[in-house]
Amino acid sequence: MKTHPYLRAYMAGVTVPSVFLLFVFVVFCVIRFACNPEFPIERVLVFPMALVPAIWGVWNMVYLAMHTRRYIPLGAHGALVPLILVPVALVTAKALGFEFALAASWTIVILTVPLLMIIYYLVWKFLVGFLNEMLGIA
Amino acid sequence: MNQQEKEKLSALLQSALPPMGDRALRGDLWPRMLRRLDRRPVQVAWFDLALAGLAAAGFIAFPAVIPWVLFQC
């Protein structure tokens with residue numbers, strides 16, 4: 001497999017959040033049908049469904065473009081994603097009027113960043129790294 | 001089903017299935033198996049374990065963060 005490296009990088013990046021999304025779906029469905037919240041929870045799914053996998057795929061393409069030069073390891077590269085993701089998620093949540101976003105204090109939002117960075121570091125290092133190796137990238 | 005239909009069906013089946021003649025292995029699989037066995041298993045560094053522990057402690061200490069994290073995964 002020597003052709004289309006950027007397409008393979010995109011696919012490797014998209015795979016992990018797409019699989020994990022199934023579990024997020026289950027959580028959302030349980031909340032939707034068991035708790036029956038007041039606000040339209042379906043709108044909450046737009047961000048994780050539409051944007052997050054695409055961002056992961058594009059970010060892995062960026063890694064492929066950068067790693068030929070001297071560049072940071074894959075885990076550290078992945079840990080940078082929340083620095084983009086959290087502000088975008090915050091704006092989306094505020095714009096669409098999600099209750100949990102409006103109710104969340106700045107402490108919670110700020111605490112989310114380092115926790116997400118740790119999770120992303122580990123996931124990118126082990127899972128995305130494994131997929132990249134399997135697909136012959138990096 | 002008459003004879004003509006049987007022959008037609010047989011021809012269709014034969015055209016759909018690839019010929020078995022060139023299905024022999026192109027190489028010995030045992031060296032590849034040995035290389036796979038020699039490959040070291042994934043080693044998790046203490047630093048990664050410490051980070052995972054830190055994240056777990058963060059979620060236990062601040063459960064209000066969990067919806068936010070799920071929202072961005």
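This is a predicted model: local features need pLDDT of at least 70, side-chain atom pairs count only at pLDDT 80 or more; totals for chains, interfaces and linings use all residues.
Two residues are in contact when their C-beta atoms, placed from the backbone, lie within 7 Å. Keep that in mind for what follows. In chain A, among contacts with a separation of 6 or more, 85% join residues 24 or more positions apart.

Let me start with chain A as a whole. Chain A has 6 helices and 0 strands, so read from the N terminus, its elements go α-α-α-α-α-α. Along the principal axes, its C-alpha atoms fill a box of roughly 50 × 30 × 20 Å. Of the 138 residues in chain A, 30% are buried.

Next, the contact with chain B. Here 24 residues of chain A meet 16 residues of chain B. On the side of chain A that touches chain B, at least two residues each come from α1 (5-35), α2 (46-67), α4 (81-96) and α6 (106-134). Which helix gives the most to that side? That is α6(A), with 10 residues. By class, this side of chain A has 23 nonpolar residues, 1 polar residue and no charged residues.

Now the largest nonpolar core, which has 30 residues. The members that touch the most others are Met117(A), Ile119(A), Tyr120(A), Tyr121(A), Val123(A), Trp124(A) and Val128(A). Two or more residues of this core come from each of α1, α2, α3 (74-79), α4 and α6 of chain A, and also from α4 (66-71) of chain B. Again α6(A) has the largest share, here 10 residues.

That brings me to α6(A) itself. How far apart are its end C-alpha atoms? They are 40 Å apart, and because 29 residues at 1.5 Å a residue should span 42 Å, the two values agree. The helix does have a kink of about 35 degrees, centred on Trp124(A). Trp124(A) is also one of the core residues I listed as touching the most other members. Just after α6(A) comes Gly136(A), with a positive phi of about 75 degrees.

Last, a residue at the other end of the chain. Most residues other than glycine have a negative phi. His4(A) is not a glycine, yet its phi is positive, about 50 degrees. His4(A) sits in the segment before α1 of chain A.

Definitions and conventions: Residues are numbered from 1 along each chain as its sequence is written. Chains are lettered from A and ligands numbered from 1 in the order in which they are written. Helices (H or I, at least four residues) and strands (E, at least two) are DSSP runs, numbered from the N terminus. Ala, Val, Leu, Ile, Met, Phe, Trp, Tyr, Cys and Pro count as nonpolar, Asp, Glu, Lys and Arg as charged, and the others, Gly among them, as polar. A residue is buried if 20 or more other C-beta atoms lie within 10 Å of its own, exposed if 12 or fewer, and partly exposed in between; C-beta atoms are placed from the backbone. A nonpolar core is a set of buried Ala, Val, Leu, Ile, Met, Phe, Trp, Tyr and Cys residues joined through C-beta atoms within 7 Å. The expected span of a helix is 1.5 Å times one less than its number of residues. The bend at a residue is the angle between axes fitted to the seven residues ending there and the seven starting there.
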